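Please find below a colleague's note, arranged as numbered points for reading beside the structure.

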Amino acid sequence: MKRMIAVFLALVMVFSMFALAACDTENPNPNPNENTETQPGNEPSEEPSENPSEEPGNEPETPAEDGVFNGVAGKDYSDEASYTFLDFIGGTTGLNWNPHSWETSDDSYVLGYISTALYDFVLNEDLSGYTIIPEAAADLPVDVTADYVGQYGIKEGESAKAWKIALNPLVTWSDGTKINAETYVYSMKQLLDPLAINRRADSFYSGEFEIVNAKAYFYNGKVSYSLAGDAAASALENDNLYLDLGFWGIVGAPDAEGNPAPQYVKVTDETLYRDEAVAEGEAEDWVSAKYLYDNYLAAGAPYESYAADYLYISQSLAPVTWDEVGIKALDEYTLLLVTANPIAEPAFYVPYNLSSPWLVKQDLYESCQTWYDADGNVVEPNAENAVSITNTYCTTVDNSVSFGPYDLTYYELDKQLTFTRNENWYGYSDGKHVGQYQTDKISCQVISEHKTALQAFLNGEVDSIGLDSTDLETYASSDRLIYEPQSYTTKISFNTNKEKLEAIGNNAVILTVKEFRQAFSLAIDREKFCAEYTAAHEPGYGLLNYMYCYNPFTGELYRDSEYAKKAIVDLYDIEYGDGKAYGDLDEAYDSITGYDPAKATELMNVAAQKATEDGLWDGSSDIILDFRVYSSDEIYVKMFNFFNDSIKAVCVGTPFEGKVSLQMTEDPDYYNTMYSGNATIIFTTWGGASMSPFTLLYQCYCDAADGSGNQMEVGFETEKVSVTINVSGQSITASLQDWAHWCNGDAVDAIDSKVGKFADHTYPERCEVFATLENTYLESFVTAPIYYRNTAALLTRKLEYATQDYIQIVGYGGLRYATYNYNDDEWASVKSGISY
Amino acid sequence: MVKYTIKRILLMIFTLFVIMTMCFVLIKLLPLPAVKEMGKDINIILMKREQMGYGKPISVQYALFLKNVLTKWDWGVGEQMYETLSVWNVLMQKLPYTIIVNLYSILIAIPIGLAFGIYAALKKNKWQDHVISTAVMLFISVPSYVYAFLVQYFLCFKAGLFPITIPSSETTALFSFKMFISMMPAIMSLGFGVVAGLARYTRAELSEVLTGDYMLLARTKGLTKAQATARHAMRNAMVVILPMIIGEFIGIISGSLIIEKIFAIPGVGSLYISSINLRDYNFFMALTFFYTFIGLFSGIVMDISYGFIDPRIRMGAKK
């Protein structure tokens with residue numbers, strides 16, 4: 001009997017194998033994404049066939065994408081072995097990878113694996129830079145502005161406002177559901193839903209890529225607030241001027257009836273709010289917006305100069321219908337996007353702004369929604385009395401869906417994420433992703449303790465680990481050490497507001513003497529500082545570091561440009577050329593250390609003389625400069641001591657000898673203390689927007705008087721600094737602030753009327769102007785750059801990145817191009833013996 | 001006893017309500033962080049706050065909060081942490097890890113601690129007692145996270161006896177032997193202090209009890225030293241020791257922020273402090289309720305337990 005059953009089972013197995021083989025023959029490609037654009041002799045086409053799976057006879061080949069890195073020659077990317085990338089993220093308080101409300105870099109980490117953007121940046125062919133490729137799009141955007149004159153507010157002659165985007169029909173959700181133009185439109189509508197108030201809604205209504213009417217649809221008639229700026233006076237007259245109660249730290253403080261204070265209150269409002277920081281019965285225990293405005297921010301009041309940071313105007317946009325929003329499905333796979341303003345350099349910035357997906361899967365998204373009425377009761381979807389919607393989309397595996405190269409297959413809160421290949425992702429079979437995605441699985445732990453993560457790395461359980469300064473002492477010479485630059489520059493910022501410094505006392509007013517500040521800067525041995533007190537940072541001399549790219553088409557870096565180098569060389573008065581110490585600009589630039597104690601001492605002598613003559617210092621009393629730091633941790637104490645010793649050393653032999661010292665004060669809110677002019681010296685760090693270097697000067701260094709208050713160099717009035725620059729053969733004089741505005745893309749009549757818009761000029765011209773402004777700012781010595789931030793990491797011996805040179809936007813190529821030296825089985829047997 | 005217990009429970013509910021009310025009002029009185037985020041439309045956050053009811057009077061907010069909790073057991077969703085997730089679900093999801101690690105720890109530590117304490121008491125002022133007492137002082141003085149680092153470095157990283165972090169439930173079931181072994185470093189780190197504390201208490205109490213007159217009487221009645229110690233001395237000593245043990249059991253739900261962090265245990269250790277730091281009202285209130293309830297309830301359990309251990313203690317008896 002047993003033998004008969006065995007024979008029967010064997011027959012069944014044999015039959016099954018034949019049946020399977022037959023099925024394969026009938027349908028050689030069960031995945032509709034496969035075998036497209038692979039007809040012999042055809043170049044990769046952006047017009048895929050209607051039904052690609054019904055094209056038998058097409059032998060799969062892998063036509064390499066032109067201009068794109070196609071992997072390591074000779075490497076087998078499709079072998080049967082399994083390759084797992086072992087990753088970790090630090091401590092989380094939950095992850096939310098909903099493309100409409102994600103917040104942290106960990107959230108975007110998940111999104112990066114499970115989604116496909118319309119456009120992406122990949123390594124170029126020779127690994128020297130990046131190139132833009134359509135992914136979920138089938139082609140680059142086409143400017144169709146002329147076709148829409150009279151619609152969406154488009155006028156005759158305008159361009160770069162309406163964009164037609166052909167979509168890649170191969171892109172589907174991981175369950176095979178198609179993604180078409182309607183999916184994009186639906187997702188945008190959900191993103192901008194006024195009831196949902198999605199955190200990422202502003203991605204498409206603020207900034208340069210503003211979809212027409214998106215903001216009005218999102219606000220749906222609600223009031224919004226924006227900095228008053230120059231409109232403050234007229235707003236006051238119209239009773240539309242508001243005070244940000246964050247100025248006094250009383251947002252949410254109760255009034256007499258227990259109602260919490262809103263953030264913005266009219267400056268004429270006399271409602272009193274209880275300031276818990278003041279004991280009951282003492283002065284200013286109850287304050288109103290009117291009181292604060294009249295006594296502190298109004299013209300002539302002590303904090304008048306900070307009015308620009310805390311005075312707002314309200315506005316409400318007329319509500320619009322969804323049909324008026326600038327996004328439409330032209331046909332099943334063609335999308336129309338209309339922007340409110342023309343996009344400058346659209347060939348780069350349109351794809352760049354469409355490199356983050358906003359897609360959601362309709363049925364799943366709606367199943368995750370909960371609708372509420374005004375009393376917090378759950379109501380039916382789309383109920384008339386609904387006032388808010390919450391959504392749990394993309395917070396668990398069950399309510400998550402992929403349309404990217406990997407699928408999230410396991411997620412345990414605060415413990416583990418596992419991604420496996422999304423076999424339905426078109427990129428594995430479209431022939432355009434040759435030499436990519438060798439990784440089969442990504443196993444990501446949550447490890448918040450650095451020492452634990454380091455031990456896990458050394459044990460082969462994690463494939464990459466960021467290092468701190470202590471680790472670097474051990475692994476500085478490791479051949480697996482990689483550095484990743486960040487866009488941040490850390491500086492010392494000085495308060496130069498004479499009135500404020502006099503109020504602070506201790507002769508802090510000495511900081512108004514430029515030579516003193518310059519001497520301070522030259523007293524710092526930046527190389528030594530970076531080596532001893534930082535993990536991987538490098539000495540910094542400019543406001544912008546090596547991350548800033550001024551020509552997005554070529555990837556050229558601002559800091560490497562001739563103009564930017566000259567700005568720094570001029571700052572340090574280094575001469576070059578025939579008969580000089582340095583033969584050329586590069587040589588002169590490379591010689592800079594920012595450390596010149598002899599010159600610093602000379603400048604201290606000059607400063608002492610000036611200070612005495614101007615009555616700023618009596619020549620004998622102590623000068624104690626308050627240096628505010630975030631905390632009194634050991635590292636801050638060491639840094640402080642370094643600066644204190646440095647400044648004292650260069651005062652030796654000058655009238656300041658034994659008189660000048662720094663005093664460390666712990667102040668977790670030191671940025672705001674400096675904003676208010678009550679700090680003397682602080683550490684400041686600005687960065688970000690590395691693809692838009694020319695906006696940074698305005699946004700971070702010149703906006704105290706009319707912006708969002710990011711300028712830390714209190715007392716430096718950029719509107720009063722005159723700068724003359726030769727632009728296109730014309731010599732133009734304007735204030736530093738106006739120039740910064742101009743570089744930010746804002747309208748500045750005084751400059752526009754002569755040479756037009758900033759964006760109208762070539763990249764080298766823009767670079768030259770900006771470098772002049774950077775030099776002007778630095779020449780004032782209101783700030784002294786100390787270091788450019790980098791991170792250092794150890795990379796496992798299990799895998800290799802595609803390039804060893806860090807490239808803007810694409811880094812080292814990422815997991816997309818990573819190749820493995822060991823498969824999982826091999827790694828398991830060797831990992832314990834690996835050293836770094 | 002029943003009447004006393006009911007009275008205590010009613011009092012507990014009243015106390016819980018008062019504490020919850022105070023916490024709600026006080027946390028809401030704290031000023032909200034002003035909205036200033038570079039590059040973001042700050043109005044989104046303001047509108048979200050408005051939508052969450054932050055603009056309503058505190059009394060109205062509290063009434064809505066109580067209504068949701070009492071009628072639907074709805075503690076709301078995370079606002080600043082674990083956004084959009086049910087607060088109660090997050091707590092319940094993370095609690096098992098904390099409970100199981102701590103439970104293993106005290107289940108192992110209690111017998112060891114008691115044994116050391118009894119042995120030290122019986123060998124009072126002999127070299128064995130000195131060795132145990134010195135070790136106890138050492139283990140009580142050193143914080144548990146120091147053991148944790150040492151255990152992790154030497155036993156996990158160097159010797160490879162245990163994994164550096166505990167595995168996830170994807171590969172290892174929570175209630176499995178493999179998970180138990182993986183948790184051993186954390187269990188040890190948490191257990192050293194408990195062993196030392198219990199040993200010290202037990203030794204001190206037992207030493208005193210062993211010198212009592214009734215112990216002499218027990219011996220003269222013919223009981224052996226072991227019988228007298230087990231039946232009489234230990235029972236009396238437990239009046240003091242048992243509340244400590246119950247306290248340890250209650251402590252298992254609070255978790256250890258640092259131990260959990262070191263061994264990558266996704267427990268509740270950091271939840272409370274995070275909810276305060278991030279000003280997440282819903283999490284703060286749910287956790288305040290949870291811990292307050294457990295604290296108050298354990299107080300009742302402890303008080304009642306005295307009566308079982310020592311029949312001379314009568315609960316709620318009138319004079």
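1. The pLDDT of chain A averages 87, and 91% of the residues score at least 70. Residues 12-63 of chain A are another matter: over them pLDDT stays under 50. For this stretch the model has 52 contacts beyond four places in sequence. Where pLDDT is low, predicted coordinates should not be read in detail.

2. Chain A contains an open sheet of four strands with mixed pairing, in the order 1-19-18-17. Its edges are strand 1 (84-89) and strand 17 of chain A, each of which pairs on one side only. From one strand to the next, the twist averages 20°.

3. Within this sheet, strand 18 and strand 19 of chain A run antiparallel and are joined by five bridges. Which residue of strand 19 of chain A is the bridge partner of A:Phe419? The partner is A:Ile442. Helix 2 (residues 105-114) of chain A packs on the sheet and touches strand 1, strand 17, strand 18 and strand 19 of chain A. The direction of helix 2 of chain A makes about 140° with that of strand 17 of chain A.

4. The contact between the chains takes 51 residues from chain A and 45 residues from chain B. On the side of chain A that touches chain B, the elements that each supply at least two residues include strand 17 (406-412), strand 18 (416-421) and strand 19 (441-446) of chain A. Helix 10 of chain A gives the most to this side, with four residues.

5. Chain B is divided into domain 1 (2-72) and domain 2 (87-309). The centres of these two domains of chain B, taken over C-alpha atoms, are separated by 33 Å. Their contact takes 13 residues from domain 1 and twelve residues from domain 2 of chain B. On the side of domain 1 of chain B that touches domain 2, helix 1 (residues 2-29) of chain B gives the most, with eleven residues. The residues of that side divide into ten nonpolar, two polar and one charged.

6. Helix 3 of chain B is followed by B:Trp73, which has a positive phi, near 50°.

Technical notes: Residues are numbered from 1 along each chain as its sequence is written. Chains are lettered from A and ligands numbered from 1 in the order in which they are written. This is a predicted model: local features need pLDDT of at least 70, side-chain atom pairs count only at pLDDT 80 or more; totals for chains, interfaces and linings use all residues. Two residues are in contact if their C-beta atoms, placed from the backbone, lie within 7 Å. pLDDT is the predictor's confidence in each residue, from 0 to 100. Domain bounds come from an automatic or database domain assignment. Ala, Val, Leu, Ile, Met, Phe, Trp, Tyr, Cys and Pro count as nonpolar, Asp, Glu, Lys and Arg as charged, and the others, Gly among them, as polar. Two strands pair if DSSP finds at least two bridges between them. Axes are lines fitted to C-alpha atoms, for helices over the stretch in contact, and angles run from 0 to 180 degrees between N-to-C directions.
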